[in-house]
Amino acid sequence: MVDEVYSPEEDSYLIEKCILEENLTNKKCLDMGTGSGIQSKAMYKAGARNIFAIDINYKALFASQKNNHEITQSIRFVESDLFSKISNEKFDFIAFNPPYVPSGKIKWKDLDGGKKGRETIDKFLNQLPNHIVNGSILLLLVSSLNNPDEIIDILENQGFITKIINSKKFFFEEIFVIRAIYIK
Ligand SMILES: C[S@@+](CC[C@H](N)C(=O)[O-])C[C@H]1O[C@@H](n2cnc3c(N)ncnc32)[C@H](O)[C@@H]1O
């Protein structure tokens, strides 16, 4: 794994497992915050052949490309702050394991989500409606430290039907995977 790129942790494996349960054949997919590329690989295994891997950290894009070298023909790697460089793209399936830990609680910058761990998540949620179509599915990893009920309310107000499909408890927090389907 390339240095300065988030190596897969418990959160990565929790959302990876959920991706592997999807049928992504013929779906246009987005691996937001690709990091090591673990979720792009999972999307490929779930049938996807049209995957966008996005990261703000160019080193992550190199790592994702290297770790997915057998399947790069199915992945477009784009250095972008969230959707900024792919403003016209819409997706059938999006997975995001975001930086979600409140600043001050961790030194690892790939997990630093700013105030209440919500800065990147809130920006992402704000941009999301421009990048979905009827039936789009979102898998979003959040922590009990992020006020997940409020995140679920935001998604439901945008027209998503939500369900928590996986979770794991640690001594200081619990992490959840929210599965949200957009119904127009
Ligand atoms: C917790 S890591 C997850 C990495 C990988 N997807 C996984 O599941 O192991 C979060 C990733 O999001 C990226 N990231 C953080 N802010 C971002 C932003 N504004 N736009 C795109 N990617 C971002 C980080 O560089 C990092 O690679």
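## Chain layout

Reading along the sequence of this predicted model, the protein chain runs α-β-α-β-α-β-β-α-β-α-β-β. That gives five helices and seven strands.

As for overall dimensions, the C-alpha atoms sit in a box of roughly 40 × 40 × 30 Å along the principal axes. Of the contacts between residues at least 6 apart in sequence, 62% link residues at least 24 apart.

## The core

Buried residues account for 42% of the 184 in the protein chain. The largest nonpolar core takes in 49 residues, and the ones with the most contacts inside it are Cys29, Met43, Ile51, Ile94, Leu140 and Val142.

Take Ile94 from that group. If you set aside its neighbours within four places in sequence, Ile94 touches Leu30, Met32 and Leu138.

## Helix 3 and its cover

Helix 3 spans residues 58–67, and its buried residues are Ala60, Leu61, Ala63, Ser64 and Asn67. Looking down the axis, these fall within an arc of 165°, so they line one face of helix 3. Helix 2, strand 2 and strand 3 (75–79) are among the elements that cover them.

## Helix 4 and its cover

Over in helix 4 (residues 119–127), you'll find Thr120, Ile121 and Phe124 buried. They span an arc of only 100° around the axis, which puts them on the same side of helix 4. The cover over these buried residues includes strand 4 (91–96), strand 5 (132–143) and helix 5 (148–157).

Helix 5 is also where Ile154 lies. This residue counts as partly exposed because it has 16 C-beta neighbours inside 10 Å, and being buried would take 20 or more. Ile154 and Asp122 are 32 residues apart in sequence, yet their C-alpha atoms are 9.3 Å apart in space.

## Around the ligand

The ligand has 22 residues around it, with Ser12, Gly33, Gly35, Ile56 and Asn97 the closest. Sorted by class, the shell holds ten nonpolar, nine polar and three charged residues.

Helix 2 (38–45) and strand 2 (50–55) each contribute at least two residues to that shell.

Definitions and conventions. Residues numbered from 1 in each chain as written. Predicted model: local features only at pLDDT ≥ 70, side-chain atom pairs only at ≥ 80, totals over all residues. Near = placed C-beta within 6 Å. Helix = DSSP H or I, 4+ residues; strand = E, 2+ residues; numbered from the N terminus. Nonpolar A, V, L, I, M, F, W, Y, C, P; charged D, E, K, R; others polar. Core = buried A, V, L, I, M, F, W, Y, C linked by C-beta atoms within 7 Å. Buried ≥ 20, exposed ≤ 12 C-beta atoms within 10 Å, placed from the backbone. Contact = placed C-beta atoms within 7 Å. Arc of directions from axis to C-beta.
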